[in-house]
Amino acid sequence: MEAINNLLSGSNVTDVLFYVFAVLTLLCAVLVVANPFSRNPVTSAMFLVLTIISMSGLFLLLHAFFLAAVQILVYAGAVIVLFIFVIMLLDLKEEQRRKIKFFGLAAGLVSVGIVVSIFLKSLASIQPNVAEPALEGETYALGKLLFTHYTLPFEIVSVLLLVAMIGVILLSKKKLE
Amino acid sequence: MHIGIQHYLAVSMILFCLGLLGVIMRRNLLVIYMSLELMLNAANLALVAFSRFNNKLDGQVLVFFIITVAAAEVAVGLALIVALYRKRQSAHVEDLTSMKL
Amino acid sequence: MKYENLPWLILFLPLISAAVITLFTLRSKTVSSLISIGAVVAGFVMTVIFVNANGMQFSGETSLQWLEIGDLKADFGLKLDALSMMMLFVVTGVGGLIHIYSYGYMHEDRSMARFFACLSLFTFSMLGIVLANNFLMMFISWELVGVSSYLLIGFWFEKPSAGDAAKKAFIVNRLGDFGFLFGILMVWGLLGSLNFSALQNSITANPAALGAMATTAGLLIFCGAMGKSAQFPLHVWLPDAMEGPTPVSALIHAATMVAAGVYMLCRSLFLFNADSLHVISYIGGFTALIAALMAVQQNDIKRIIAYSTLSQLGYMVMTVGLNGPTPAMFHLTTHAFFKALLFLAAGSVIIGMHHEQDIWQMGNLRKKMPITFLTFTIGTLALCGVPPFSGFYSKDAILAQAWEQKSYLLFGVAVFIAALTTFYTFRLFFVVFFGKEKSDHAKHAHESSLVMTLPLVILAVFSFAGGFIGITNNYGSQFVHEHETFSAWQQFAEPFHNPFPMVCGLVAFAIGFFAALSLYKNATSDPLPKKLGGLATLMKNKFYFDEIYEATFIRAHDFLAAVADWIDRWILEGAIIGAIRGGTDLSGRALRLAQTGNLQTYAFLFVLGVALLLYFVLGK
């Protein structure tokens, strides 16, 4: 831990690492959405795993150690497994490359344009924080906040998980005659 | 140039746009679903960055909740897709137009 | 004032009775009729107790605040004075007798319970008019009377003519009530109150309070009386109202409801200025004249009496217009006795004749129906003003009033009407009770049962003695403050104070009587049409009023209705509603295109929506 902290403190190293993780994340994300070599959903799922892992690297750079771990555990460990499992279950054929619809393209570009413009607008209003960020995303502090200030949402989320579980069972069950 | 919040937000934005493009343009339901996950992750990244640069842990708590909810959502969503596939033998949005009059 | 709450009980007992009958006892004829009769008889007994405790000469009010909207304060209050007390006696007393009579008359009817429920409702409404201490409450009761009259005229609704008559009565009354309502609103707008005492005080304090609108307001209020008391030109409903059962004709269309107009005029006499009174007196006189002329050529026993009622009502209204509320109310009271008596006796004849109403089918009934004959004779003599019957005194008071007011034209008309009245009444009398039997029914006629003849006898007593039992005393104190109280003997000799009108009245009677005697004694058919020619046809057809109304007002109304129908069909429904419907349809079709059913389109629109929202929340 100490070693990683020291490593991260060095500004040049972290800058380089940021670019590495960022590029990796975005590249993998592109391959999730539009892979020029494969139309198989399994490939997409695999690149999603890579995206998530490199993102947890970004989390590390932001000193969010607990979340980085959770990200890998939950997403790579559970969600993606679920995806793969479903893909296998459905036995999807590799789909034909279809023509991109003009409407879809236009809608996509308009949407992206909108998001970018919102982003640029909000970026202009950011006041650069002069002081060096000092927050440490320690598991202890996070846990303390979670179980004091956020107790009620935490409990409700547990109920939500339960409900989701029951729902999934009901949905995927074959109809009883 | 030192890495600041802008850089993280830019990454988050691009990730979000990629997800959005996937949702709007891809036709395979499962891929659309993965794109959705990408968008959620983009939001997570932005939140963690805000948390870091504003010296507040609450953002990370929110990310924690988002991951939990996303897990539940994926479970339910995939179950729906499976149910739909059983009925229609297809996972393409173009085949799912029964809402059209 | 002792027993202050008793009048409330008198007022509401009939309403309770109507409610109980309607809700619970509609199946039992006997129980229903006993409840109804009990309510009105109890009302009469309570009236006697109340008057005994307080005497006749008092004046009081008892009221509850009912509603207050801005400046409008409406009380639910009772005005208790000599005027309302006398009317209370008439309504509960005569009404009670008619209730009892109805028990016999309606005995064979299937819907007797419904009949008594309506009768009780009517009694309640009528008592409401009599006891009201303000215009609003009076108007409400006024309308209720209209409704119950509608229900009772149309009681045999399976007969189309009865249904039509009910509608006619109701609609014609609405016309009058429309004016009445306007008059009430005008009075309220100008004087700021609806309470009779308050209005009277403000008029007394400032006689010009109504200003330029005085005549208009007075005549609008008179419109109400015109409808209810069937004055020209709204008189057409009353004869048709005879389609109802005979007790109804007696109660509503002779004794009480039609008198309500006259009562209302007397109650609000202070509102009328000289001009409006002038108009009122001439309308009254004209109504009396045409009604008497029409009566001469009618052949239906009830219709003759109905026209006679019209004529007598015209008399009363004329007298009110001649500034004589005391003689008007006096005549109203005695008229209630003898006209109810005549109607009930006629009902007895109709029952005895197995529902035959044409007088030329009757004849020689005096031997078959002695009690009916005797009481009918008393009623006839009272109506014709033979001394010392009650009609003599009240009619003489009216003639004297006209004479004293130096209104010689109306005096002449009144004397002429007196002669006509005698003529047509004795025509009826001779044709029905004398001569030969003109049909099989007349040969087999029979006397009615005791429950029907007993009220006849009681009413006959009052028709005889009503002139000198102190009725004028009571009314006099109401309208003339320094009124001297007469003893019975003074009342008996009262007409001799002013001998000329009395002599005129007696001469008129003599002329009418001998004319009728010479023409109709032993007549088997009516000799008059041959002698009068076209005039008789005119009288027989009621001067073609119905036909004139049919050709003018009803045509105009039909035309207006057609126009309204056209507007409704083409402008409202076609243009406006059509445009709205078409617009909705069109925009619906356009918006339907947005529903592509494509998931990704929705996602795109979702992004647009979020962007718009963000723009409004953050971007501005």
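**Reading a predicted three-chain model**

From the N terminus on, the elements of chain A run α-α-α-α-α-α-α. This is a predicted model, in which local features need pLDDT of at least 70 and side-chain atom pairs count only at pLDDT 80 or more, while totals for chains, interfaces and linings use all residues. Residues are numbered from 1 along each chain as its sequence is written, and chains are lettered from A and ligands numbered from 1 in the order in which they are written.

User: How many helices are there in chain A?
Analyst: Helices are DSSP runs of H or I with at least four residues, and strands are runs of E with at least two, numbered from the N terminus. Chain A has 0 strands, and its count of helices is 7.

User: What distance separates the end C-alpha atoms of helix α1 of chain C?
Analyst: The expected span of a helix is 1.5 Å times one less than its number of residues. Helix α1 of chain C has 18 residues (6-23) and so should span 26 Å, which agrees with the distance between its end C-alpha atoms, 25 Å.

User: At which residue does α1(C) bend?
Analyst: A bend is the angle between axes fitted to the seven residues ending at a residue and the seven starting there. In α1(C) this angle is about 30°, and Pro14(C), a proline, follows within four residues of the bend, which lies at Phe12(C).

User: How many residues of chain C are in contact with chain B?
Analyst: Two residues are in contact if their C-beta atoms, placed from the backbone, lie within 7 Å. Chain B contributes 9 residues, and the number from chain C is 10.
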